[in-house]
Amino acid sequence: MDSTLVNWEALDRLILDFAKSENLIDDSASTSTISFPSSSPSSFSSSYQSRFIIRQIRRFLESGDIDSTLHLLRSHAPFILDDRRLLFRLQKQKFMELLRRGTDEARDSAIECIRTALAPCALDAYPEAYEEFKHILLAFIYDKDDQNSPVAKAWSERRRFEIAGLMSSVLRAHLQAYDPVFSMTLRYLISIHKGFCIHQGVSSPISDLTERLLLEERDPPAVPQESFYEAPPFDEVDIQALAHAVELTRQGAIDSLRFAKGDLFQAFQNELCRMKVDVSMLDELVREYCVYRGIVDSGLALPSVPGLKTLAEPLKVGQSEPGCCSSRNYSFEGDNTNNKHSDGENSVSNAHMNVSPEDSVDVNSIQGTDVELRYACESTSYHEDCSTSGSHQAGISKVLQRNRNYTIGERSKRKRWRGRQDEEDYKQDLNATATSTNLSRDKQGFEKHPSADINARDDKNEVVLGMKELVGRGMAAEVVEEVTALDPNFFMQNHVLLFQLKQVEFLKLVSSGDHTSALRVASSHLGPIASRDPSLLKPLKETLLALLRPNEDALGKGLPLHALSTSLQVAIGQKLGIEEPQLMKLMRATLHTHNEWFKLQMCKDRFESLLRVDCLKDVNTPLISACSMSKSNADSCTHGSSQVTISSSTRVSEEGSSPAQESSRDVCDENAILKVMEFLALPRADAIHLLAQYNGNAETVIQQIFA
């Protein structure tokens, strides 16, 4: 099964930017409360204020409050009212809302609206406006409940949502008030994921998430003004790229480019933001991820460990309390051999593990740092150990007590989740915000689980986050000791993680010039582990090459330890019964299908840099390839998989294309591909396959189709 590795550090940055942009967390620059809707709070970005105003306008329109909408537009976007097309639609909707009230006073107001606003506007709004004006007058004599009347559509409350979506699209483009990058990236990846699964005829393992998160309905497109219709013809490459990226017709892509005055990337953002997401669900997924990654505090009390101080200085890097790094031996299932070394050797090895965050390791010296595929394969039957057993709970308490200073120090640095409180103050209808949803779910959680269970869950989270932090600082020896104290059997089932932690320890010692201690680590740990798993022999050889390089080379390029720290976090979390966030599963699956989709298209994604998709895939660490896994591990790799299984015919070579795809690419000219896509309205991959059958001749393909 193919696997796509994810740069979780890059995702952390995108998530944090999203949370700050949407004012979901308390930040030093944004702790004040916003006033509705005002530009006075300097702590909020203009983009946030613009999005906030657009959301208020949308809510007013959806509730039928046209007067409040017009007031906001005059204050914040008067250019909208200068567009006679949009003004006519607003006045027409106002007329219908007045009639909907059903009172004599409201009917008189509707007549006044026709005389002073609607009729004058209908004269020059657009060619069909005056006919629409005369037609809407039928609402005087046909009841709103008459579903067979000629004005039934005008009476429909769905019109409110249509005009609300249209105004949102126009305002967003004019105010440059696009959603945060992460929100757009998620829309794009899910859209491609759905399209790939349909095209390949496979089922999605994350359909329960994608169907609820990305809604089928979109906002109406912003229609370009008539002056834009004489714009010069756009490049067919841009038209096809936009049409297939956001599932538009060719004419829809042209209209979108016209509205954006030919700016492909602006048109792309306009179309992405038309896609609707369940904001409440998105916020909950982000919050779950942030708590898991230690970005925000869980909101629960500090771990209740006996003797825990309320205020203490964090441990310095490499500092540990007595008993934290005692000597331990490891043996693996099916092998009675123990690997022993003297206390003196341990003390030498541990002495060199007191490192600073600035220390680095030659990335070329390590193979297999990121094992997000492997950990799922090797943590077999971990569900058996997920209960809060006495041994696990005792181990958790001991680890927390030893690291109590670190725990308090780290939690004090985390941000506080606040939710969409700004919008809650001004919502008077039944639409619940993410804040209220989070609060209700938290309340249900507290009612369902006793306080002891909540504290136990929080204690586990703190242990896992502590391990993750230590790995990120390169303190591999301390991590091995702490994990073994927590669960002596953990590394028997996750020997690849142990191998990689010992790689880090080995390279740290090499970097410090202590080759003797480094060789002890290699002979006591790396060698025996590799002898039991032949797939580790190659990375072992490459790791030993560090001995031949000068010290400055070993420290020349920093090792992305975050990949290893995330793999360890997930593996330990699973052992303790902590599920990884749903967002992590979603990102793995959608990035995988993004790769596969563009292999089928035989081209590069023109928008991946704009949406930081390339950064999410940039895991610049040599990996142990999945094909080198031992057969027993590969057979057990069933749990936690979030990838779509595809037939062998779609698997690609190391260069990124199968031989059939490469031969098709050689036959097809780019202009021929575009011509077939344009005339036959086909996806790029289908156009390429057709051209391959007719020696790349576009005219022949078109003639055969219409013959």
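Arg418 and Asp26 form a salt bridge (a side-chain nitrogen of Lys or Arg within 4 Å of a carboxyl oxygen of Asp or Glu) in which the closest N and O atoms are 3.5 Å apart. This pair links distant parts of the chain, 392 residues apart: Arg418 lies in the loop between helix H19 (404-413) and helix H20 (421-424), and Asp26 in the loop between helix H1 (8-21) and helix H2 (46-62). Helices are DSSP runs of H or I with at least four residues, numbered from the N terminus. Arg418 is buried, at 6% relative accessibility; buried denotes under 20% relative accessible area, exposed over 50%, and partly exposed in between (1.4 Å probe, protein chains only).

The model is predicted, and local features require pLDDT of at least 70, side-chain atom pairs pLDDT 80 or more, whereas totals for chains, interfaces and linings use all residues. Residues are numbered from 1 along each chain as its sequence is written, and side-chain values use heavy atoms, without hydrogens and water.

In total, 40 salt bridges were counted. Within helix H6 (residues 104-122), Asp104 and Arg107 are 3 residues apart, about one turn of the helix, and they form a salt bridge with closest N and O atoms 3.8 Å apart. Asp104 is exposed at 52% relative accessibility, while Arg107 is partly exposed at 41%.

A further salt bridge, at 2.8 Å from N to O, joins Arg606 and Asp238. Here Arg606, in the loop between helix H30 (582-601) and helix H31 (613-617), is 368 residues apart from Asp238 in helix H12 (residues 236-245). Arg606 is partly exposed, with a relative accessible area of 38%, and Asp238 is buried at 18%.

Key
Helices (H or I, at least four residues) and strands (E, at least two) are DSSP runs, numbered from the N terminus.
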